[in-house]
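Have the structure open as you read.

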Amino acid sequence: MRRLLLAFTIFFALVMSAAIPARADQTVWSGLVIAQNVQQPEPIPVELTRIERPLKELFGYNQFQVIGQSQKTLKTGQEDWLATSKFFGLHVDAQGESAAGYVLNLKLYKEKELLLETDAKLSKRSPLIIKGPQVGGGQLLLVLVVQ
Amino acid sequence: MKTFEEKWTAWLDGQLSGEELVEFETSLPDKAAAEAEKRDAKKLGVLLKRELGADVLRNEEFFSHQLQERLARESVEPPRKQAADVSTWWTIRRLFWTGTVSLALFLVFAVFVMREKNPAEQSQYLTQILNARVDPAISPNATISMFEAKEDHVTVLWTEGLQSLPSDYAAK
């Protein structure tokens, strides 16, 4: 009788733990990526492996190089950070958290010049890719992923 | 001292002997009629014995039949007892566990059904672009569009006509 009761209690706890998602701090990876077509492409960076297929299919390039990146752990959902390369800067300003993700204000700078600004609700399950300006024979892409 | 009827019965049964027999037979008024009556009584006795014997046999058969019926009833009764036992299966304890298991199953299904609802509501879990703008002074011909690659759960902000830059800008 006691064993059965214990088994039921454990089972109930497992079910409830599955039902109630645990809240934990999330890390957002933001990167400046140069997409190019080259004869001998380098392996895709680890941070982009999750979205390798859509990157290649949507943009038609075979090599993706990270030229600037930032990894930020969000605790309050109000943080801001900067991912920079030599000429570009991506400023990310988190403006709150919801069940679906984070509300972000993104600004892409070329040196001190604002090229693009957008507001987005970044989902924890869904990466965001922004097609930036043409750079030489390639393309600048901005990528944000909740890890 | 035996009465005449007692001696008569004993004579008919052949249980008189010796002086008593001689004395009784001499006391009979009509010995031939008495002998005839004795023979008839013997015949009747044989007949009754035979008939009664047959009756006894029928009774045996009857009791045997009754016994067989009883045995048959008893052999049928255990399943009834089993049925009675089955009816007592739903004890309080078993009812409690049945309820508990049912509740557990309900919880499992409730959780999975709630989880299954998520894919249907997936759009709200895809990244959404609320707005986007470019500086028209820098990129006057720029256009902006957005779409979701739902298979890969990716949201894309697609710009066209942004100012092109030399390859030097690809430096880290």
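Strands here are DSSP E runs of at least two residues, helices are H or I runs of at least four, both numbered from the N terminus, and two strands pair if DSSP finds at least two bridges between them. This is a predicted model, where local features need pLDDT of at least 70, side-chain atom pairs count only at pLDDT 80 or more, and totals for chains, interfaces and linings use all residues. Residues are numbered from 1 along each chain as its sequence is written, chains are lettered from A and ligands numbered from 1 in the order written, and side-chain values use heavy atoms, without hydrogens and water.

**Around β6(A)**
- A:Thr118 has B:Ala132 as its bridge partner in β1(B), and A:Thr118 is also the bridge partner of A:Leu106.
- β5(A) (residues 101–110) pairs with β6(A) in the antiparallel sense over 10 bridges.
- Their hairpin has 2 residues between the strands, and A:Glu111 takes a positive phi near 55° there.

**Around β1(A)**
- β1(A) (residues 26–36) has 10 of its 11 residues buried.
- β1(A) runs antiparallel to β2(A) (residues 63–74), with 11 bridges, and A:Ala35 stands opposite A:Phe64.
- β1(A) also runs antiparallel to β8(A) (residues 138–146), with 8 bridges, and A:Trp29 stands opposite A:Val145.

**Chain B helix**
- B:Leu48 lies in helix α3(B) (residues 31–87) and is partly exposed, at 44% relative accessible area.

Note on methods:
Buried means under 20% relative accessible area, exposed over 50%, partly exposed in between (1.4 Å probe, protein chains only).
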